[in-house]
Structures are given as structure tokens and as C-alpha cells.
Amino acid sequence: MSNSKDKDLSKPENWSPDTMMVHGGTLRSQHGETAEALYLTSGYVYSSAEEAAARFTGESKGYIYGRYGNPTVSMLEERLRLLEGSEAAMATASGMAAVTASLLCQLKTGDHVVAAKALFGSCRYVIETLLPRFGIEVTLVDGQDLAQWQDATQENSKVFFLESPTNPTLELVDIQAVSKIAHSVGARLVVDNVFATPILQKPLELGADIVAYSTTKHIDGQGRCLGGMVLGTETFIKDELENFIRQTGPSMSPFNAWVMLKGLETLDLRVEKSCASASAVASFLGESDKVQKVIYPGHKDFPQNDLFKKQMTSGGTLVAFELNGTQQHTFKFMNALKIIKICNNLGDTKSLITHPATTTHFRLTPEARAETGIGQSLVRLSVGLENANDLMEDLGQALEQSGI
Ligand SMILES: *Cc1c(COP(=O)(O)O)cnc(C)c1O
């Protein structure tokens, strides 16, 4: 612990994460407002034609156009940058815009990408279907098998991509080991850190080069609007990503940035409570004979607990479980829930449950689903902020009505 006497508290870098989330990046106008101002503007007025010209050459610092930047969006970028500990950050309109831009801004025809198979459905589409349309080679591997990552490397490998924990089966990928393999061939590792949140896992400290978020999830955390963020080195963000976003337009709306700023203020409190409830729910489900398998990082039956301890500080807000029955039983169980809502979103204050095989992952071939462990009786539960006992009672009564 550093002594408070030698800590310069005027530097946000010296603040604790919970202080960063409240004060980080705040830009106060001449009015001295307490809460962050919402700058709903698409353009900016210059004091003279010369000033406009100087902004465009970069000699004068300042905003030019909403697609390039906005003060409310800048506040969010700086707040999340501090929390992640990266050199730079850039917001996007959605998590998928963050993932797509972070890949396309650095790839060209003839490059090669290595990615884990177990991915959020749209990330898998971008990597498996979209990139090859532009002559970018792709190799999909079993993310848990480090030999497959190693064997997939090629001279033209430029980007490695993974998410951990994965959606929906919560498998972990060893970020440190994969980053070493990527760096051995001069490739960069991009990590989609949505499931872990910036609170529970620090991919950059584990060797990743770029982190992407859907801020739609825990960072808004209250189910209101879409957003994304890409974090990395100053040179990557400024020289590669920024120009791509400027020219192609997946920019975050200032209103959404304002909502996300407010979300960040309570991120740690919300994630901490949801994690505690998720862990209790996982133990509760593990005791039911109507449940075949519970998947929750850190839970006693979780097969990757050594890796879990190495790279995460808590198991997260999601629990996946397989019922001891058919798809019909599973639907009956979901339909009987009274507090938990059926919804494919996650990271919300409200507990949300989804059946991946028929929703988020229904576009995958049956073989691809089987390969990633997405069976007909698997459900994914995003644990919210309700009373944990109420959630367990709700799950218990719905299991009773499932017909299993
Ligand atoms: C939701 C999600 C995304 C996409 O984010 P959007 O904001 O919905 O575009 C990407 N990756 C993961 C892991 C997600 O959960």
C-alpha cells in the first residue's frame, strides 16, 4: 500500500478504481455543474475561419464534428480508460461496432486471424463469415486447448481474438498464454472482456493488446442503451482505430455516453452484489436433482478453477446450467419463472434468462452448437440486483413446475 503522503491525489491515475468511476474524466463547463454535462450537439462553432482551419490541421485542439468526438463521449472514454489502465480509449455505437472496428481497422486482404470458436454469436459471424469475404484468412480453435492456438499460427497471423468467460458456457481461455503465442508471431491479442467486466479481469495486465467492451451490458447495466468501447495503446487508438471510426461512422451518441457515465459510477457496487447472488444461485442449483450441470467460474465443480484464480477476482454475474430434461421441460421451467425475465440481454439490474440454442446461438449449425456445448436443456442466467433468496425461490418453484 502506498502511503497517502507520497500519493499525488490531483492525478486521477493515483485514485482507487471506485474513485475513478465517480470522478474520472469529468470535464466541467464554466457553470461548474456537479453532474456531467450532456452535450447534445453534432457540430461545433469556430471563432474564426482561421480557427476552423487550425482545428482541421490539428494545430488547434478542439472538437470538429460529432462523428469524431464529443465532450460527453470524451468523459466516458477517459473514465473507462482510467479504470482499465490503458493508454487510450475510443467509444463506439455498440459492442459489435467496437469488435468490428477493432478488427477491421488493423486487418487487410492476405492477413490471418486466429480466434476461439466459443464466441458471442455476432462476434463469430464477423470473424467466421465477414472477414473471409475480404480475403482475410481465419482459423477457429478450441480456446481451452493451447496447442491448437500454437498450431494455428502462421507467418501472416495479425490478430488473435477471444472472449473469456465465453458466452454462454462460461469456459475460460488463458489470456496470458494466448498472448504469448500471439506475440511470438508478431500478432496482437484482442480480448472481448464483456462477461468479466473491467472489475473482475484485467486483460491488458495479462498481456492482451486491445480490450473491447459492449458497454450495453454491465457498464450501462440498467438495460437502457447500446454502446461499446475499445481500449489499447495510444498509437493503436490514435493511428489505426480513430481514423477508421472517423471515416466509417460507428460513433457513440452523446446521450448514450451520458447514461453510461452514470452507469460507471455504480458499476462496482452492482457487479459485486450480482456476483455474490450468482455464486449463491450456482450453489443452490447444484443441489437440485432437476439440474444436471451447473457452470459457474469458481464453483466447486468448475473444471478450470486454477485458471480462474489466475485471471479473475470473482466468478461473474452469469450462471449457465443444464436441466435434467428435454427442451420442452426447459421451456416449461423458463415460462414458470415469476421474477426472472426471459430476455437475451445480460448484465442488467433485472435477472434475465435465455435459452441459447433457440435464441442467441440458433444461427449456428447443430454441429457448431454441439462443439461449443450448447444443448437443448442449457440456459444462461444473468443475475441482477434482486434479493438472492427471492431469485432462488423463483428458480426452485419453476423447477418444480418443469415436469422433470
Ligand atoms: C453483447 C455482447 C457483444 C455485443 O454488444 P452489443 O452492444 O450488443 O453490440 C459482444 N460480445 C459479448 C461477449 C457480448 O455479450
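The labels follow DSSP runs, numbered from the N terminus: helices are H or I with at least four residues, strands are E with at least two. Residues are numbered from 1 along each chain as its sequence is written, and side-chain values use heavy atoms, with hydrogens and water left out. Keep in mind that this is a predicted model, where local features need pLDDT of at least 70 and side-chain atom pairs count only at pLDDT 80 or more, while totals for chains, interfaces and linings use all residues.

Back to the loop. Most residues other than glycine have a negative phi, and most peptide bonds are trans. Here, though, N167 and P168 are joined by a cis peptide bond, with omega about 0 degrees. P165 belongs to the loop between β4 (157-163) and α7 (175-184) as well, and the bond leading from S164 to P165 is cis, with omega near -5 degrees. Then there's L170, in the loop between β4 and α7: not a glycine, yet its phi is positive, about 55 degrees.

Now for the ligand. It has 14 residues around it, and G95, D192, S214, T216 and K217 come nearest (being near takes a heavy atom within 4 Å). A backbone N or O atom of G95 lies 2.8 Å from a ligand oxygen atom, and M96 also places a backbone N or O atom 2.8 Å from an oxygen atom of the ligand. From K217, a polar side-chain atom lies 2.8 Å from an oxygen atom of the ligand. On its own the ligand exposes 380 Å², and the protein buries 92% of that (areas by the Shrake-Rupley method with a 1.4 Å probe).

Last stop: two helices. Helix α11 (residues 254-265) packs against helix α12 (residues 267-286) at about 60 degrees, their axes 4 Å apart. That makes α11 oblique to α12. G263, L264 and E265 of α11 meet L267, D268 and R270 of α12, contact meaning heavy atoms within 4.5 Å.

Terms used
Axes fitted to C-alpha atoms, helices over the stretch in contact; angles between N-to-C directions. Parallel < 35°, antiparallel > 145°, perpendicular 65-115°, else oblique. Polar contact = N/O pair within 3.5 Å; in protein donor to acceptor, adjacent residues only side chain to side chain.
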